[in-house]
Amino acid sequence: MKVNGNAIQNEVIAAIRDDIIYRKYPFGSRLPSGKELAKQLGVCYVTVNRAMRQLEADGYIECRHGVGTFVCYVNELTPPKRKIVNLITQVDHEPGGTFFADGRRLFEKAGWQVKTFGINSSINEIKMEINSPDAYSVLFVFNPCFDEFKATMEHIYNRVIHIGDSYNNGEFACVTCDETQTLSLLLNHLKEQGCSKTGLVAYNLKRNTETYRYAAWQSLMMAGGKDFEWCARHFYHVFADDALNKGWLRDSCIDLLKSPSFKELDSIIIPWDPHAVTFINICRENGIRVPEDIAVVSIGNLEEAKSCFPPLTSIDNNFIGHLELARDILEHRFRGAEDGRLLYFCQPSLTPRESSLRKSGITPENNRRNNQSKEKQHEYAAK
């Protein structure tokens with residue numbers, strides 16, 4: 001493998017890439033150092049270094065600082081010979097540990113060997129594991145970016161299942177909830193409670209789930225007689241830079257109460273339980289009764305929804321069902337079958353609680369606490 005001393009960087013990239021593709025350097029092997037490659041190719045070290053950066057960006061190699069450069073390219077399209085699955089999520093996004101614990105239990109029961117990986121920010125941290133010819137991967141990651149997987153896209157097409165948003169890459173199978181079905185359950189429940197003026201909170205419209213949810217809410221509200229202008233006034237986009245920050249939670253709830261259009265509502269969908277619980281608490285502090293003055297519903301059905309006062313009506317997006325469906329898809333693929341589908345919907349379920357049950361009556365305990373909260377009442381519009 002000899003390249004002319006005047007060769008341009010693209011020729012160096014092509015030379016190294018060919019050695020990888022034709023398995024001179026197979027998956028997982030360590031490449032020679034940059035100086036050794038420069039000597040082999042007859043070019044300067046700087047040119048090789050630039051070529052290596054491009055090969056890493058394209059997904060052929062992984063550079064580990066202080067360790068070396070390793071091949072992560074694989075073009076194996078046949079199913080793995082053993083049932084091995086990587087469960088991958090963000091370390092700050094694990095919902096109470098359920099993804100790893102429930103995922104391990106479900107997959108191991110079906111005879112799978114399970115490996116778990118918590119990432120800080122990018123799936124590039126575990127490029128080797130995702131590209132492995134011996135394993136499948138289930139991702140529970142917000143906004144995964146596959147830019148550094150260009151070289152292996154065809155390989156991982158059949159190996160990766162994504163739980164959550166479907167917009168990041170149309171090439172991968174995604175298990176998610178049908179937002180139209182989710183919003184229909186919530187709005188039908190509120191209608192049964194006499195509510196017809198329902199607002200919606202969203203956090204980041206760059207996420208497909210949020211966009212689909214907004215579109216579903218708008219469509220259903222307009223079908224119920226509201227016009228476009230009404231929907232525009234009662235949609236609240238509160239971008240969450242740091243959604244886990246308690247100060248942000250309180251401030252965003254206060255801003256919501258101050259909104260001139262808020263007083264026109266009889267109900268609101270706040271699609272994250274911790275935010276909805278904070279909102280209920282702010283309402284109580286300011287003499288706004290839940291559900292008499294405003295019915296509140298959410299999405300998630302976490303522990304916070306059960307323990308707040310009044311308990312929060314919430315949609316359970318059936319996380320266990322997502323994992324079961326991902327397992328069934330991979331079982332199907334392990335047997336060599338492929339149905340060609342890229343989108344799989346999981347059935348959500350609604351758990352009604354006192355935060356929206358206007359017609360079920362309020363218990364004496366609820367009345368006592370609501371009367372106490374009136375003592376703190378003050379007019380937000382005057383602030």
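Student: Which residues are linked with Glu 331 in a network of salt bridges?

Tutor: Lys 83 and Arg 335 are linked with Glu 331 in that network. A salt bridge here is a side-chain nitrogen of Lys or Arg within 4 Å of a carboxyl oxygen of Asp or Glu. Before we go on, this is a predicted model, where local features need pLDDT of at least 70, side-chain atom pairs count only at pLDDT 80 or more, and totals for chains, interfaces and linings use all residues. Residues are numbered from 1 along each chain as its sequence is written, and side-chain values use heavy atoms, with hydrogens and water left out.

Student: Thanks! How many salt bridges does a search of the whole structure find?

Tutor: The search finds 13. One of these pairs is Glu 179 with Arg 213, at 3.0 Å from N to O.

Student: Where do Glu 179 and Arg 213 sit in the chain?

Tutor: Glu 179 is in helix H7 (residues 179–192) and Arg 213 is in helix H8 (residues 208–223), so the pair, 34 residues apart, links distant parts of the chain. Helices are DSSP runs of H or I with at least four residues, strands are runs of E with at least two, and both are numbered from the N terminus.

Student: And are Glu 179 and Arg 213 buried or exposed?

Tutor: Both Glu 179 and Arg 213 are buried. Buried means under 20% relative accessible area, exposed means over 50%, and partly exposed is in between, using a 1.4 Å probe and protein chains only.

Student: What does Glu 264 pair with?

Tutor: Glu 264 meets Arg 233 in a salt bridge, 3.3 Å from N to O. Glu 264 is in the loop between helix H10 (246–258) and strand S10 (267–270), while Arg 233 is in helix H9 (residues 228–233), and the two are 31 residues apart. Glu 264 is partly exposed at 32% relative accessibility, and Arg 233 is partly exposed at 35%.

Student: What about Asp 328, which residue does it bridge to?

Tutor: Asp 328 forms a salt bridge with Arg 327, with the closest N and O atoms 3.2 Å apart. Asp 328 is partly exposed, with a relative accessible area of 39%, whereas Arg 327 counts as buried at 17%.

Student: Is Cys 346 buried or exposed?

Tutor: Cys 346 is buried, with a relative accessible area of 6%. Cys 63 is partly exposed, at 34%.

Student: Backbone next. Where is there a cis peptide bond?

Tutor: One joins Val 290 and Pro 291, with omega about 10 degrees. Pro 291 is in the loop between helix H11 (273–285) and strand S11 (295–299). The bond from Phe 309 to Pro 310 is also cis, with omega near -10 degrees. Pro 310 is in the loop between helix H12 (303–307) and strand S12 (313–316).

Student: What is the phi of Asn 301?

Tutor: Asn 301 has a positive phi of about 55 degrees, although it is not a glycine. Most residues other than glycine have a negative phi, and most peptide bonds are trans. Asn 301 is in the loop between S11 and H12, and it counts as buried at 14% relative accessibility. Asn 318 also has a positive phi, near 60 degrees. Asn 318 lies in the loop between S12 and helix H13 (319–334) and is partly exposed, at 27%.

Student: One last topic: which residues is Ile 119 in contact with, leaving aside its neighbours within four places in sequence?

Tutor: Contact means heavy atoms within 4.5 Å. The contacts of Ile 119 are Ile 88, Thr 89, Gln 90, Val 91, Glu 125, Ile 126 and Val 141. Ile 119 and Gln 90 are 29 residues apart in sequence and 4.8 Å apart in space, C-alpha to C-alpha.

Student: Where does Ile 119 lie, and is it buried or exposed?

Tutor: Ile 119 lies in strand S4 (residues 113–119), and it counts as buried at 0% relative accessibility.
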